[in-house]
Amino acid sequence: MAALRAAGEQTRLRALALLTEGELAVGELAQALGQSQPRVSRHLKLLTEAGLVERAPEGAWVFYRLARAHTTERQFAEAALAMLDPSDPVLARDADRLHEIRAARDDAAAAYFERNAADWDRVRALHLPEADIDSAILEAAGAGPFDLMVDVGVGQGRMIQLFADRVRRAEGFDTSRQMLAIARASLDDLKAKAAVQFGDAYAPPIESGAADLVTIHQVLHFLSDPGRAIGEAARLLAKGGRLVIVDFAPHALEFLREEHAHRRLGFSDAEIAEWCEAAGLSRPKTTTLAPNKREALTVKIWAGVKP
(Lines give C-alpha, C1' and ligand atoms only; values in the text may rest on other atoms or scores of the structure.)
Protein backbone atom coordinates (compact mmCIF):
# COMPACT_ATOMS: atom_id res chain seq x y z
CA MET A 1 0.00 0.00 0.00
CA ALA A 2 2.88 2.41 0.73
CA ALA A 3 4.22 1.98 -2.80
CA LEU A 4 0.75 2.53 -4.26
CA ARG A 5 0.23 5.72 -2.26
CA ALA A 6 3.71 7.01 -3.09
CA ALA A 7 3.36 6.46 -6.84
CA GLY A 8 -0.20 7.73 -6.96
CA GLU A 9 0.75 11.43 -6.90
CA GLN A 10 1.55 13.15 -10.21
CA THR A 11 4.88 14.75 -9.29
CA ARG A 12 6.19 11.54 -7.77
CA LEU A 13 5.14 9.58 -10.85
CA ARG A 14 6.93 12.13 -13.03
CA ALA A 15 10.04 11.74 -10.87
CA LEU A 16 9.93 7.96 -11.31
CA ALA A 17 9.66 8.43 -15.07
CA LEU A 18 12.74 10.66 -15.08
CA LEU A 19 14.70 8.12 -13.03
CA THR A 20 14.28 5.56 -15.81
CA GLU A 21 16.95 7.69 -17.55
CA GLY A 22 19.46 6.80 -14.81
CA GLU A 23 20.48 8.15 -11.42
CA LEU A 24 19.91 11.85 -10.84
CA ALA A 25 20.87 14.38 -8.20
CA VAL A 26 18.01 16.04 -6.35
CA GLY A 27 18.85 19.39 -7.93
CA GLU A 28 18.66 17.89 -11.42
CA LEU A 29 15.27 16.38 -10.66
CA ALA A 30 14.04 19.72 -9.34
CA GLN A 31 15.15 21.49 -12.53
CA ALA A 32 13.58 18.86 -14.78
CA LEU A 33 10.30 18.92 -12.86
CA GLY A 34 10.25 22.71 -12.71
CA GLN A 35 9.71 22.70 -8.93
CA SER A 36 11.62 23.86 -5.88
CA GLN A 37 14.30 21.60 -4.46
CA PRO A 38 12.69 21.39 -0.97
CA ARG A 39 9.39 20.32 -2.50
CA VAL A 40 11.04 17.69 -4.69
CA SER A 41 13.05 16.47 -1.70
CA ARG A 42 9.81 15.83 0.19
CA HIS A 43 8.43 13.80 -2.71
CA LEU A 44 11.65 11.82 -2.95
CA LYS A 45 11.54 11.12 0.78
CA LEU A 46 8.13 9.47 0.35
CA LEU A 47 9.31 7.47 -2.65
CA THR A 48 12.36 6.34 -0.70
CA GLU A 49 10.33 5.33 2.35
CA ALA A 50 8.04 3.29 0.05
CA GLY A 51 11.08 1.47 -1.38
CA LEU A 52 10.48 2.72 -4.93
CA VAL A 53 13.72 4.67 -5.14
CA GLU A 54 17.10 4.49 -3.42
CA ARG A 55 18.92 7.43 -1.88
CA ALA A 56 22.71 7.65 -2.22
CA PRO A 57 24.30 10.59 -0.35
CA GLU A 58 27.68 11.60 -1.71
CA GLY A 59 29.44 14.57 -0.18
CA ALA A 60 27.28 17.67 -0.63
CA TRP A 61 25.11 15.92 -3.23
CA VAL A 62 22.41 13.25 -2.97
CA PHE A 63 21.69 10.93 -5.89
CA TYR A 64 18.47 9.00 -6.44
CA ARG A 65 17.87 5.90 -8.55
CA LEU A 66 15.08 3.41 -9.08
CA ALA A 67 15.01 0.51 -6.61
CA ARG A 68 17.25 -2.41 -7.47
CA ALA A 69 16.05 -4.86 -10.09
CA HIS A 70 14.09 -7.96 -9.02
CA THR A 71 12.56 -6.31 -5.94
CA THR A 72 8.78 -6.16 -5.57
CA GLU A 73 8.96 -2.36 -5.43
CA ARG A 74 10.92 -2.20 -8.70
CA GLN A 75 8.40 -4.47 -10.39
CA PHE A 76 5.58 -2.26 -9.14
CA ALA A 77 7.34 0.87 -10.38
CA GLU A 78 7.91 -0.67 -13.82
CA ALA A 79 4.27 -1.73 -14.04
CA ALA A 80 3.09 1.77 -13.13
CA LEU A 81 5.49 3.42 -15.59
CA ALA A 82 4.44 1.05 -18.39
CA MET A 83 0.96 2.53 -18.22
CA LEU A 84 2.20 6.07 -18.90
CA ASP A 85 1.94 7.64 -22.32
CA PRO A 86 5.46 8.85 -23.28
CA SER A 87 3.88 11.42 -25.60
CA ASP A 88 2.04 13.05 -22.70
CA PRO A 89 3.00 16.76 -22.90
CA VAL A 90 3.96 17.00 -19.22
CA LEU A 91 6.24 13.94 -19.39
CA ALA A 92 7.67 15.09 -22.72
CA ARG A 93 8.47 18.51 -21.22
CA ASP A 94 10.18 16.88 -18.23
CA ALA A 95 12.26 14.71 -20.57
CA ASP A 96 13.23 17.73 -22.69
CA ARG A 97 14.33 19.65 -19.61
CA LEU A 98 16.40 16.69 -18.42
CA HIS A 99 18.10 16.39 -21.80
CA GLU A 100 18.91 20.11 -21.70
CA ILE A 101 20.40 19.73 -18.21
CA ARG A 102 22.50 16.77 -19.30
CA ALA A 103 23.62 18.52 -22.49
CA ALA A 104 24.78 21.54 -20.49
CA ARG A 105 26.66 19.29 -18.06
CA ASP A 106 28.25 17.34 -20.92
CA ASP A 107 29.29 20.60 -22.59
CA ALA A 108 30.94 21.73 -19.34
CA ALA A 109 32.82 18.43 -19.07
CA ALA A 110 33.89 18.64 -22.72
CA ALA A 111 35.14 22.19 -22.17
CA TYR A 112 37.14 20.97 -19.19
CA PHE A 113 38.77 18.25 -21.33
CA GLU A 114 39.61 20.77 -24.03
CA ARG A 115 41.21 23.13 -21.50
CA ASN A 116 43.26 20.40 -19.87
CA ALA A 117 44.09 18.10 -22.77
CA ALA A 118 47.62 19.43 -23.22
CA ASP A 119 48.64 18.84 -19.59
CA TRP A 120 46.40 15.85 -18.79
CA ASP A 121 49.27 13.90 -17.24
CA ARG A 122 49.93 16.74 -14.79
CA VAL A 123 46.27 16.90 -13.76
CA ARG A 124 46.06 13.14 -13.30
CA ALA A 125 49.31 13.04 -11.33
CA LEU A 126 47.63 15.11 -8.64
CA HIS A 127 45.55 12.07 -7.74
CA LEU A 128 47.49 8.83 -8.18
CA PRO A 129 50.99 7.30 -8.55
CA GLU A 130 51.03 6.19 -12.19
CA ALA A 131 53.68 3.46 -12.07
CA ASP A 132 51.98 1.61 -9.22
CA ILE A 133 48.59 1.87 -10.89
CA ASP A 134 49.88 0.65 -14.25
CA SER A 135 51.40 -2.54 -12.84
CA ALA A 136 48.20 -3.29 -10.93
CA ILE A 137 46.09 -2.74 -14.07
CA LEU A 138 48.24 -5.17 -16.04
CA GLU A 139 47.91 -7.76 -13.29
CA ALA A 140 44.14 -7.32 -13.10
CA ALA A 141 43.76 -7.76 -16.86
CA GLY A 142 45.91 -10.87 -17.09
CA ALA A 143 48.78 -11.78 -19.37
CA GLY A 144 46.77 -12.07 -22.56
CA PRO A 145 47.56 -11.99 -25.41
CA PHE A 146 44.42 -10.09 -26.43
CA ASP A 147 43.17 -10.12 -30.00
CA LEU A 148 41.21 -6.86 -29.67
CA MET A 149 41.40 -4.35 -26.84
CA VAL A 150 38.91 -1.49 -26.64
CA ASP A 151 39.55 1.58 -24.47
CA VAL A 152 36.48 3.60 -23.49
CA GLY A 153 37.33 7.29 -23.20
CA VAL A 154 40.81 6.90 -24.66
CA GLY A 155 42.13 10.28 -23.50
CA GLN A 156 45.81 10.51 -24.43
CA GLY A 157 45.99 6.82 -25.27
CA ARG A 158 47.78 5.71 -22.10
CA MET A 159 45.88 2.43 -21.71
CA ILE A 160 46.59 1.43 -25.29
CA GLN A 161 50.27 2.23 -24.77
CA LEU A 162 50.27 0.22 -21.54
CA PHE A 163 48.87 -2.89 -23.24
CA ALA A 164 50.74 -2.48 -26.52
CA ASP A 165 52.82 -5.63 -26.11
CA ARG A 166 49.81 -7.74 -25.03
CA VAL A 167 47.38 -6.92 -27.83
CA ARG A 168 47.23 -7.69 -31.53
CA ARG A 169 44.93 -4.73 -32.18
CA ALA A 170 43.65 -1.85 -30.04
CA GLU A 171 40.83 0.63 -30.63
CA GLY A 172 39.94 3.62 -28.48
CA PHE A 173 37.20 6.21 -28.66
CA ASP A 174 36.47 9.54 -26.99
CA THR A 175 34.07 12.48 -27.25
CA SER A 176 36.88 15.06 -27.07
CA ARG A 177 38.35 15.71 -30.50
CA GLN A 178 41.36 17.46 -28.94
CA MET A 179 42.04 14.37 -26.83
CA LEU A 180 41.76 12.22 -29.95
CA ALA A 181 44.35 14.39 -31.72
CA ILE A 182 46.74 13.97 -28.80
CA ALA A 183 46.06 10.22 -28.67
CA ARG A 184 46.77 9.82 -32.37
CA ALA A 185 50.09 11.60 -31.96
CA SER A 186 51.09 9.56 -28.91
CA LEU A 187 50.17 6.26 -30.60
CA ASP A 188 52.00 6.96 -33.87
CA ASP A 189 54.73 4.45 -33.07
CA LEU A 190 52.16 1.64 -32.85
CA LYS A 191 51.15 2.28 -36.47
CA ALA A 192 48.34 -0.02 -37.69
CA LYS A 193 48.08 -1.81 -34.35
CA ALA A 194 46.19 1.10 -32.74
CA ALA A 195 43.31 3.25 -33.95
CA VAL A 196 41.17 5.90 -32.26
CA GLN A 197 37.88 7.47 -33.28
CA PHE A 198 35.12 9.73 -32.06
CA GLY A 199 32.60 7.81 -29.97
CA ASP A 200 30.35 7.87 -26.92
CA ALA A 201 30.48 5.54 -23.91
CA TYR A 202 26.71 5.12 -24.21
CA ALA A 203 26.87 4.17 -27.90
CA PRO A 204 30.29 2.61 -28.57
CA PRO A 205 31.32 2.61 -32.24
CA ILE A 206 32.51 -1.00 -31.90
CA GLU A 207 30.81 -4.23 -32.91
CA SER A 208 29.16 -6.22 -30.10
CA GLY A 209 31.10 -9.27 -28.93
CA ALA A 210 34.25 -8.20 -30.76
CA ALA A 211 36.66 -7.50 -27.89
CA ASP A 212 38.42 -9.75 -25.41
CA LEU A 213 39.58 -6.81 -23.26
CA VAL A 214 37.76 -3.55 -22.55
CA THR A 215 39.21 -0.87 -20.28
CA ILE A 216 37.44 2.10 -18.65
CA HIS A 217 40.21 4.13 -17.08
CA GLN A 218 39.26 7.16 -14.95
CA VAL A 219 36.13 7.79 -17.02
CA LEU A 220 33.13 6.70 -14.93
CA HIS A 221 33.34 9.60 -12.48
CA PHE A 222 32.63 12.03 -15.35
CA LEU A 223 29.48 10.23 -16.51
CA SER A 224 25.85 10.82 -15.59
CA ASP A 225 24.98 7.11 -15.98
CA PRO A 226 27.99 4.93 -15.10
CA GLY A 227 25.89 1.76 -14.96
CA ARG A 228 24.77 2.25 -18.55
CA ALA A 229 28.38 2.77 -19.67
CA ILE A 230 29.39 -0.47 -17.96
CA GLY A 231 26.52 -2.27 -19.67
CA GLU A 232 27.62 -0.96 -23.07
CA ALA A 233 31.24 -1.90 -22.39
CA ALA A 234 30.20 -5.42 -21.40
CA ARG A 235 28.24 -5.73 -24.64
CA LEU A 236 31.49 -5.28 -26.58
CA LEU A 237 33.05 -8.34 -24.93
CA ALA A 238 33.27 -11.79 -26.44
CA LYS A 239 32.66 -14.80 -24.23
CA GLY A 240 35.53 -15.03 -21.73
CA GLY A 241 36.45 -11.38 -22.33
CA ARG A 242 37.42 -9.13 -19.46
CA LEU A 243 36.31 -5.65 -18.43
CA VAL A 244 38.82 -3.66 -16.37
CA ILE A 245 37.53 -0.53 -14.62
CA VAL A 246 39.89 1.93 -12.94
CA ASP A 247 38.47 4.72 -10.80
CA PHE A 248 38.45 6.18 -7.30
CA ALA A 249 37.07 4.83 -4.05
CA PRO A 250 34.44 7.06 -2.42
CA HIS A 251 35.93 10.34 -1.20
CA ALA A 252 34.84 13.82 -0.11
CA LEU A 253 36.95 16.14 -2.27
CA GLU A 254 34.18 18.42 -3.49
CA PHE A 255 36.57 20.67 -5.42
CA LEU A 256 36.91 17.90 -7.99
CA ARG A 257 33.29 18.51 -8.97
CA GLU A 258 33.69 22.25 -9.27
CA GLU A 259 37.18 22.48 -10.77
CA HIS A 260 37.64 19.18 -12.59
CA ALA A 261 34.14 18.28 -13.86
CA HIS A 262 33.84 15.15 -11.73
CA ARG A 263 30.18 14.17 -11.39
CA ARG A 264 30.74 11.31 -8.96
CA LEU A 265 33.13 11.32 -6.01
CA GLY A 266 34.24 7.72 -6.38
CA PHE A 267 32.42 4.39 -6.33
CA SER A 268 31.87 1.64 -3.79
CA ASP A 269 32.71 -1.99 -4.49
CA ALA A 270 29.04 -2.92 -4.06
CA GLU A 271 27.93 -0.34 -6.62
CA ILE A 272 30.39 -1.48 -9.28
CA ALA A 273 29.60 -5.15 -8.56
CA GLU A 274 25.88 -4.52 -9.01
CA TRP A 275 26.42 -2.79 -12.35
CA CYS A 276 28.77 -5.52 -13.57
CA GLU A 277 26.39 -8.31 -12.61
CA ALA A 278 23.47 -6.46 -14.23
CA ALA A 279 25.59 -6.30 -17.40
CA GLY A 280 26.03 -10.08 -17.36
CA LEU A 281 29.58 -10.13 -16.01
CA SER A 282 31.01 -12.11 -13.13
CA ARG A 283 31.32 -10.40 -9.77
CA PRO A 284 34.45 -8.30 -10.28
CA LYS A 285 37.74 -8.99 -8.58
CA THR A 286 38.78 -5.84 -6.70
CA THR A 287 42.22 -4.31 -6.20
CA THR A 288 42.62 -1.41 -3.76
CA LEU A 289 45.59 0.94 -3.98
CA ALA A 290 45.75 3.21 -0.96
CA PRO A 291 47.38 6.63 -1.39
CA ASN A 292 50.97 7.29 -0.38
CA LYS A 293 50.11 10.74 0.88
CA ARG A 294 47.27 12.06 2.91
CA GLU A 295 45.65 14.31 0.31
CA ALA A 296 45.74 11.72 -2.46
CA LEU A 297 42.87 9.46 -3.48
CA THR A 298 42.47 5.71 -3.14
CA VAL A 299 42.41 4.08 -6.55
CA LYS A 300 40.31 0.98 -7.22
CA ILE A 301 40.57 -1.57 -10.01
CA TRP A 302 37.63 -3.85 -10.75
CA ALA A 303 37.97 -6.72 -13.21
CA GLY A 304 34.94 -8.75 -14.33
CA VAL A 305 34.67 -11.55 -16.88
CA LYS A 306 31.89 -12.28 -19.40
CA PRO A 307 30.93 -15.95 -18.81
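Predicted model: local features only at pLDDT ≥ 70, side-chain atom pairs only at ≥ 80, totals over all residues.

**H251 and its surroundings**

I started with H251: leaving aside its neighbours within four places in sequence, H251 is in contact with L256, L265, G266 and L297. Contact here means heavy atoms within 4.5 Å. H251 sits in the loop between β8 (237-248) and α12 (255-260). Helices and strands are DSSP runs numbered from the N terminus, with helices (H or I) of at least four residues and strands (E) of at least two.

Is H251 buried or exposed? I find H251 buried, with a relative accessible area of 14%. The cut-offs are under 20% relative accessible area for buried, over 50% for exposed and partly exposed in between, using a 1.4 Å probe and protein chains only. The H251 side chain also reaches the backbone nitrogen of L253 at 3.1 Å.

**Ground rules**

Residues are numbered from 1 along each chain as its sequence is written, and side-chain values use heavy atoms, with hydrogens and water left out.

**α2 against α3**

Next I looked at a helix pair. Helix α2 (residues 10-19) packs with helix α3 (residues 26-33) at an angle of about 115°, and their axes are 11 Å apart. Axes are lines fitted to C-alpha atoms, for helices over the stretch in contact, and angles run from 0 to 180 degrees between N-to-C directions.

Which residues make the contact? From α2 I get T11, R14, A15, L18 and L19, and from α3 L29, A32 and L33. By type they divide into six nonpolar, one polar and one charged.

At the start of α2, a side-chain oxygen of E9 comes to within 2.8 Å of the backbone nitrogen of T11.

**Aromatic pairs**

How many aromatic pairs does a search of the whole structure find? I got two. Rings of Phe, Tyr and Trp (its six-membered ring) pair if their centres lie within 6.5 Å; planes under 30 degrees apart count as stacked, over 60 as edge-to-face and the rest as tilted.

F146 and F163 are edge-to-face, at 6.4 Å centre to centre and 75° between the planes. F146 is in strand β4 (residues 146-152) and F163 in the loop between α9 (158-162) and β5 (167-174), so the pair ties together parts that are 17 residues apart in sequence. Both F146 and F163 are buried.

F267 and W275 are edge-to-face too, at 5.9 Å centre to centre with 70° between the planes. Again, F267 and W275 are both buried.

**L138**

Leaving aside neighbours within four places in sequence, L138 is in contact with L162, F163 and R166. The C-alpha atoms of L138 and R166 are separated by 9.5 Å, though the two are 28 residues apart along the chain. L138 counts as buried at 17% relative accessibility.

Most residues other than glycine have a negative phi, and most peptide bonds are trans. P145 lies in the loop between α8 and β4.

Q218 has a positive phi of about 50° although it is not a glycine. Q218 lies in the loop between β7 (211-217) and α11 (226-235) and is buried, at 8% relative accessible area.

**α11**

Last entry. Seven of the ten residues of α11 are buried, so this helix is largely enclosed by the rest of the structure. I listed them as P226, G227, A229, I230, E232, A233 and A234. They pack against β7, β8 and α13 (269-278).

Key:
Nonpolar A, V, L, I, M, F, W, Y, C, P; charged D, E, K, R; others polar. Polar contact = N/O pair within 3.5 Å; in protein donor to acceptor, adjacent residues only side chain to side chain.
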